[in-house]
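Thanks for coming, everyone. Please have the viewer open, and let's walk through this one together.

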Amino acid sequence: MKLTASLTSPYARKIRVLLAEKRIPCTLQVDSPWETDTAVPALNPLGKVPVLESDEGEVFFDSPVIAGYLEALDRPPHFMPRDGMAAVRVRQTEALADGILDAAVLAHLERMRPAEAQLPSNVERQCAKIERALQALEARLGETEWFHGERISLADVAVGCALEYLDLRLGALNWRDRHPRLTAFAARIGARESFVSTRPPG
Ligand SMILES: N[C@@H](CCC(=O)N[C@@H](CS)C(=O)NCC(=O)O)C(=O)O
């Protein structure tokens, strides 16, 4: 199995955490789709990472699909509940976390443009989405240890990756100031070996 990913991609990190938690052997092919010599578009027409190639040569993207593939291998521990509606709720939380990432990536890209070309309203719009999603996650977590059920699920992995990506790219948001439950959650999940070993360099 081979995963093509950049070391900073939070979507790819979600998959790397799952691979580590499940102890599935996988070759990591580091590739940035932003580089001119990238091989990513040949694997994924959308030109995005992560991309996973199975041992049988089948190619999967994007990260929710890859997560589904890893679950379909039926290798414990499981990160999706067997019950259909419970699984939909896990996916809903994953979508919120991934939506935070989409907004954070857009805000980051806007800020990378030359100062005179930047539109502050674009950044503000994305940051408003992030804040609303954080509020929803704070309420969704409540006083429980994990987002859904008694044990860690894909929802927790996705939220953990999203929160740490905010630290990496949008530290000035200071999201911890307003979200005490998510703050404790990030510390808890961030201490797991799978998170420590996949933390972006630098
Ligand atoms: N929905 C996709 C998003 C993947 C994505 O946007 N990846 C970024 C890296 S963080 C990327 O490859 N961007 C390159 C581009 O947009 O051209 C997923 O969950 O895998």
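Start with a crossing. Helix H1 passes helix H6 in a right-handed crossing. Keep in mind that this is a predicted model.

Who touches whom here? On the H1 side, the contact residues are Pro10, Arg13, Lys14, Val17 and Leu18. On the H6 side, they are Leu154, Val157, Ala158, Cys161, Glu164 and Tyr165. Sort that contact by class and you get eight nonpolar residues, three charged and no polar ones.

Now the geometry. H1 covers residues 10-22, and H6 covers residues 154-169. Their axes come within 9 Å and cross at roughly 135°. That angle makes H1 oblique to H6.

Stay on H6, and bring in helix H4, residues 84-112. The two pack at an angle of about 15°, with their axes 8 Å apart. So H4 and H6 run roughly parallel to each other. The cut-off for that word is an angle under 35 degrees. The crossing of H4 with H6 is left-handed.

From H4, the residues include Val90, Arg91, Glu94, Ala97, Leu101, Val105 and His108. From H6, they include Ala155, Val159, Ala162, Leu166 and Arg169. By class, the contact of H4 with H6 has 14 nonpolar, two polar and four charged residues.

Next partner: how does H4 cross helix H5? H5 spans residues 120-141, and the two axes come within 9 Å and cross at roughly 155°. That makes H4 roughly antiparallel to H5. The crossing is left-handed.

In H4, the residues that meet H5 include Arg89, Gln92, Leu96, Ala103, Leu106, Ala107 and Glu110. In H5, Val123, Gln126, Lys129, Ile130, Ala133 and Leu137 are among those that meet H4. This contact divides into twelve nonpolar, four polar and five charged residues.

Over to the ligand. Which residues are around it? Ser9, Pro10 and Tyr11 are there, along with Pro33 and Trp34. Then come Gly47, Lys48, Val49 and Pro50, and finally Asp62, Ser63 and Pro64.

A polar backbone atom of Val49 is 2.9 Å from a nitrogen atom of the ligand. A polar side-chain atom of Asp62 lies 3.0 Å from a ligand nitrogen. In the side chain of Ser63, an N or O atom is 2.6 Å from an oxygen atom of the ligand.

Hold on Asp62. Where does it sit? It is in the loop between strand E4, residues 59-60, and helix H3, residues 63-72. The peptide bond joining Phe61 and Asp62 is cis, with omega about -5°.

There is another cis bond to look at. It runs from Pro76 to Pro77, and omega is near 0°. Pro77 lies in the loop between H3 and H4.

Last stop, Arg23. Its phi is near 55°, a positive value in a residue other than glycine. You'll find Arg23 in the loop between H1 and strand E2, residues 27-30.

That's the tour. Questions, please.

Technical notes
Residues numbered from 1 in each chain as written. Predicted model: local features only at pLDDT ≥ 70, side-chain atom pairs only at ≥ 80, totals over all residues. Heavy atoms only, no water. Axes fitted to C-alpha atoms, helices over the stretch in contact; angles between N-to-C directions. Helix = DSSP H or I, 4+ residues; strand = E, 2+ residues; numbered from the N terminus. Parallel < 35°, antiparallel > 145°, perpendicular 65-115°, else oblique. Left-handed = near helix turned anticlockwise from the far one by under 90°. Contact = heavy atoms within 4.5 Å. Nonpolar A, V, L, I, M, F, W, Y, C, P; charged D, E, K, R; others polar. Near = heavy atom within 4 Å. Polar contact = N/O pair within 3.5 Å; in protein donor to acceptor, adjacent residues only side chain to side chain.
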